[in-house]
Each structure stands twice: as structure tokens, then as C-alpha cells.
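Let's take a friendly walk through this structure together, one region at a time. Have the sequence and the 3D view at hand as you read.

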Amino acid sequence: MRFTFAGTEYEGRDGETLAAALVRHGVRGGFASIGLGRPRGVFGWADEEPNALVQIGPKPLQRATLVELTDGLVAEPLKGKGRIFEASDDTWYDARYVHCETLVIGGGAAGVAAAEAGGGRVIVLEASPHSALTSDSTQGLRVLTRTTAVGLYDGNYVVAVERDRRVWHIRAKRIVIATGAVERPIAFPNNDRPGVMLASAACRYDLGGARVVVYTTNDSTLAFPDAVATVDARSGRRVVDTLGAERLEGVVLDDGSTIACDVLAVSGGWNPSLNLWSHRGGKVQWDDKIAAFIPTGELDGVEVVGSAAGAGLPDVSPVWLTGGDETVTFLDLERDADLAELRRGIGAGLRRAEHLKRFTLIGTASDQGKTSGVIAMGAAAEIIGVPLADLGTSSFRPPFVPVSFSTLAGRNRGELFDPKRETPMHAWHVAHGAIFEDVGQ
Amino acid sequence: MLQITCPWCGPRDETEFSYGGQAGVAYPKQPSALSDEQWGTFVFFRENPKGRFAERWVHAQGCRRWFDAIRDTATNDFLP
């Protein structure tokens, strides 16, 4: 299988994502940031990816971590913004409306357990191409892979998108949110150098013979294979800078020593994915033990299970501030928002998460702050000198992942957007040269 | 989208219904006897509670019948 990225042809493997193939071929950079044009590379594993955005044919802003390779795929890196394709998009889009008794969002271990326990008709939404479950109509089980729930609304109404092609409108009696948790990075100077990755992504990619340094705040990185060094923030060690230009060449530690490396795998802790819970009005509270927001209170007919509820997540000793040059300490990679901007916002008197978000644009890019929101709040709380919970939270709004307008429009475009209705006498009128007036519907 | 239970048709999507405002607002027995202010109050003034609220709904795209329902305005849940 062959694919083209930025004009260069590469060999790809079946079932691989574009990002995985690029990393396997040693392409660490290849992307540029939206504001400053700094070199960037693949950073995450799935929908949290802030850097690796590509244009594929008519489709802008596709995440390379979600694009499955096909033979002859042509991808162009985007500098944070897409282009509207001028020719018409001939993809077929569709919509379906279904009901079920139990809707399980997320096909991980907790989701599978909930689906197996669930009564009545069960639908499982799994974002990745693979699921441990298979659809079984005799058991009333439907498994939708490559399907992401993008919004949870009143009356337990869920809108999900399958492969960016088909919109599912699902009304469920009971909803189980098993969306898991997403790793977050650590902010330190030049933390955007291509080769700096989330540890959870780095340990799943084929890094070849790359020299890996792990920088961690928790036990989730213990199983990391073949790391040349581990910098454990819990024993007081810090990464204070990175070396290299177009790609990472080494890291600088707090004692001034340097370690040469190609990849820095960073784990700043884990954020339960509570976007859907928040869409429906669910409240969250800060948990100091795992240093993350967990769901609190109740919603009628909605439950959160597994690591989305904070279960099984490692204890974290978070590192919010490192010092050094704050203008290159990036909090939101997709927005190019740095710590200096956050400090300016606090200097202007802003004290709430919602205000700082609007001032700095942190969390407002198409990744919706999946990797940036909490590290920005942590840094702000430490600068102001208050507990993180005092900053409040900014609520999430749909969609959870970007959805193209053409997907939402479905078949309602062209002639079907506003179908013309004609009287039975229309042909006779045309034959006799009538002049028509458009009177709408 | 809300799901509203029509007493005749059962649970249906919100898009099938139209809203009729507060329930139990009686038409004045003698409209001509009302002052302008009383008439204005009858026409324009309604409760706006946070919590339970009795409302009129019409199943406009279905059986076209009117009914009363109690909705919690804070959570949007309909009470049985």
C-alpha cells in the first residue's frame, strides 16, 4: 500500500493510521503550528491529537491519528486551518434514527461489561475500528465501530457520527458513559518540539530504534518498553527544556544535565472524558488523588463507568509550573497558546476558568482542549495561589469531535435541500409557455 | 431533544409538539369589567418558576389534541 504525505510517497500497512505510519517511517515533524509556524509532530494517539491535522481531498482538518490508510491516499499537512474545497463533494452522507433500552458509549473493558449486563436492545458505540463485541441481532446487540458520540442532549438523546459519513440519532432509556480517560501532557519550555508525545501514544506507536525518555507524574508509564531514562517528577526531577530544531534531539534536566533522545514520552496524568456527561448538565468535581475532574451528582438515566468515572486511574503528583521561558511553554498546542499569555490574562484580573479560556483561547481549538484544558487550569491556580477547584470549570459543549457540515446535512442538499413541488397541471403549463413564480413551500 | 409523552399517542419527539404556555389560566368571566391593567395581567403575565411548572402542549404533528403536562424547568424532565 502506498500513500503520499506532503508530496512524499511512503509505504503503508493495512489497518494502520496515517499518524502511525508517519511515526514508523521516522517522520517526527511534518506539521507546523497555527500562529507561530513552529515545527510540530504527531503528539497523541486518537481524537486528542492537537498537531497532526491534514487535508484529504475535500475534507479539511482531519486528524492524522484517526485517518485509516487506503492505497493511494494523498494527505497534505495543515497549519491549523483547513480549506473549503471548491469542487462539490460527491461523498454520500446519511442519517439513521434508532431507539434502544441501553446505549453504551465506549467499547473498552467497562463498556463491554456494561453491554453484556445491559437489558433490552443494546447499542455500543466504539470510536476505534475494533471492538471486543460483535453485533448479534438475536440478542438485540448492535455494535457500531468507528462511531463517536458527539453530543448528549435532554431526554437521553445522543447524536453519534459513524466514519464522518452517517449520523445516528439515538434515543435511549439508559445511557452508560464508558468513554475512558485521556492522558494530558506537562508544560515546560519547548514542550512542543516534534518528538515530544503523550506516553500513552508513544508506547503504542512503532518508534523503530528511537531513544525514548519518559517524563512522568504517575505509575501509568511503568510498563514503558526500552526507555533510555525515566524522569520521575514524584522524586523531584524535572525536564526544564528540550534540544533540537526541526526534531527533538535531547532533553535538559533540572540539574543542568542533558540526555540525548529522539522521543520524549510525557504523562502529566489522566483526564476522564466527561464531555458527554457535561453536555447533559452533569457536574464535575476535582479529585486531588488522581488530580483530575470526576463526575459527581446524578443524571436521570445516565451513568458513568470505568476510567471515565475515575476508576482505576493512577495517583498523580501533578507538575503545573516548571519555570524557564514561558513564551515557549505551550499549554494549548493547537491554539499555540503559551504560559506567558495565561499569565497576562491573570494579570488582567481574570480569575475564572471560563474567562481565562476566552482571553487565551486555550481549549477553543478543534480538539476542544482535550490535552490543554486541565494543565492550563493547574498553571492558573498555582499562579493565582488558590486551589484548582476554586477556578470553577468551563463546561463542554457538543460536538465532542469536529463534525463536517456535509455530514450533518446528509442527503438534504442539491435538489433534495428544498424539493420543488409541482401541480399535476405543471407539464401543460410549461407546454403553453406559462411564466412561473417561485412561491416557496 | 426532549421526549414528551402524549396521553393519546405515547412518547414522541419534541419536534411533533407545540407549546401552549402556562396551564390553568382561566379566561375572565367578564372581560369587559376588567381594567386595562387587569387585562394586561391576564394576557401577558405568567409564572416563571425554577422547578415544577404546569404547561399546555399540543401534539401538533400527531393527534392534534391539547393536554396538560408538568415539567421541571431546571432539568427539563417531565413528571408522570
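Keep in mind as you look that the model is predicted. Is B:Phe44 buried or exposed? With a relative accessible area of 65%, B:Phe44 lies over the 50% cut-off, so this residue counts as exposed.

Now turn to chain A and find A:Thr371, which lies in the loop between α6 (353-360) and α7 (373-384). A:Thr371 is buried, because its relative accessibility of 3% is under the 20% cut-off. Which residues does A:Thr371 touch, leaving aside those up to four places away in sequence? The contacts are A:Phe43, A:Glu48, A:Pro50, A:Glu183, A:Arg184, A:Pro185 and A:Leu198.

Two of those neighbours, A:Phe43 and A:Pro185, turn up again at the largest cavity, where they are among the lining residues nearest its centre. A:Ile186, A:Asn191 and A:Leu333 belong to that central group as well, and the whole lining has 13 residues. Two strands of chain A, β15 (196-198) and β26 (330-332), each give two or more residues to this lining. The space in the largest cavity comes to about 80 Å³, and the structure has three cavities of 30 Å³ or more.

Next, look for the second largest pocket, which has a volume of about 910 Å³. This pocket is lined by 43 residues, and the closest to its centre are A:Lys357, A:Gln368, A:Ser394, A:Ser395 and A:Phe396. Several elements of chain A give two or more residues to the lining: the strands β22 (270-272), β23 (283-287) and β24 (292-296), along with the helices α4 (275-279), α6 and α7. Which element gives the most? That is α7 of chain A, with five residues.

Side chains of opposite charge can pair when their charged atoms come close. Over all chains, a search finds 25 salt bridges. In one of them, A:Glu162 pairs with A:Arg166, with 3.3 Å between the closest N and O atoms.

Another salt bridge joins A:Arg234 to A:Asp232, the closest N and O atoms being 3.1 Å apart. A:Arg234 is partly exposed, with a relative accessible area of 35%.

A:Arg237 pairs with A:Asp255, and here the closest N and O atoms are 3.0 Å apart. This pair links distant parts of the chain, as the partners are 18 residues apart. A:Arg237 lies in the loop between β17 (227-232) and β18 (239-244), while A:Asp255 lies in the loop between β19 (248-253) and β20 (258-260). A:Arg237 is partly exposed at 29% relative accessible area, and A:Asp255 is exposed at 53%.

Finally, some salt bridges share partners, and in this way A:Glu11, A:Arg13, A:Glu16 and A:Arg24 are joined into one network.

Notes:
Residues numbered from 1 in each chain as written. Chains lettered and ligands numbered in written order. Predicted model: local features only at pLDDT ≥ 70, side-chain atom pairs only at ≥ 80, totals over all residues. Heavy atoms only, no water. Buried < 20%, exposed > 50% of the residue type's maximum accessible area, 1.4 Å probe, protein only. Helix = DSSP H or I, 4+ residues; strand = E, 2+ residues; numbered from the N terminus. Contact = heavy atoms within 4.5 Å. 1 Å grid on protein atoms, 1.4 Å probe; cavity = no way out; pocket = protein on both sides within 12 Å on 5 of 7 lines; lining within 4 Å. Points joined across faces, edges and corners; volume = space filled by probe spheres on them. Salt bridge = Lys/Arg side-chain N within 4 Å of Asp/Glu carboxyl O.
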